[in-house]
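Please have a look at the slide first.

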Amino acid sequence: MALTKGQIVGLMQHALGKTPDSRHDLWEAYNAAGRYIYGYHPWRWRLSIPTTFTWTASASTMALPSDADEVTDIYIPQTGIPNVLVVSKDQMIELRRRALGFPGRYAICVQQMGQNGNSVLQIYPAPSANTDFEVVYLRRWTELTSGDSSANPAVPLEFQHALKLAARAIAVNIENQAV
């Protein structure tokens, strides 16, 4: 049976055996457990479906959806050939500094930007015309609040037990720390 987010937070309070200290936010501990489970391994259930994005001509960046964490595959569907190379930020800086070109190819890197942590794709060279890209990415954990308590967690049923155990362990660990 699938547990709701509120039920998992209730089990966290049960693990404490008392009402948590007023400085202890069980929802933050729950989110920490979710981030831990998501970040532990690139689980296949975190993969998005292939999503088409249109890159605007001459633009050097493009925002990804708010749940995008890491790009696993990117290509231009019209060509059918692997013409997009995923590089590191350092490699992207070096390519731009040297003005190195890739005839018919693009270099792309993912960058975390801003307070909300949304991912942004950088491209070099910038496309000369609007270009469609197919992107597959690993989804990130979505932060939750008490207003989300009746929904089910964004993990498969077989991972809910691990999420529950991690959430309870984090809650007990935080509660037992001296402030």
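Predicted model: local features only at pLDDT ≥ 70, side-chain atom pairs only at ≥ 80, totals over all residues.

Tryptophan 45 and phenylalanine 159 are both buried, meaning under 20% relative accessible area, with exposed being over 50% and partly exposed in between (1.4 Å probe, protein chains only). Residues are numbered from 1 along each chain as its sequence is written, and side-chain values use heavy atoms, leaving out hydrogens and water.

Searching the whole structure gives eleven aromatic pairs, where rings of Phe, Tyr and Trp (its six-membered ring) pair if their centres lie within 6.5 Å, and planes under 30 degrees apart count as stacked, over 60 as edge-to-face and the rest as tilted. Tyrosine 40 and tryptophan 43 make a stacked pair, at 6.5 Å centre to centre and with 20 degrees between the planes. Tyrosine 40 counts as exposed because its relative accessibility is 57%, whereas tryptophan 43, at 21%, counts as partly exposed. Tryptophan 45 and phenylalanine 159, by contrast, form a tilted pair, with 5.0 Å between centres and 55 degrees between planes.

Ring pairs join Trp27, Tyr30, Tyr36, Tyr38, Tyr40, Trp43, Trp45, Trp141 and Phe159 into a cluster. Which residues does tryptophan 141 contact, leaving aside its neighbours within four places in sequence? They are Tyr30, Asn31, Gly34, Arg35, Tyr38, Val155 and Leu163, contact meaning heavy atoms within 4.5 Å.
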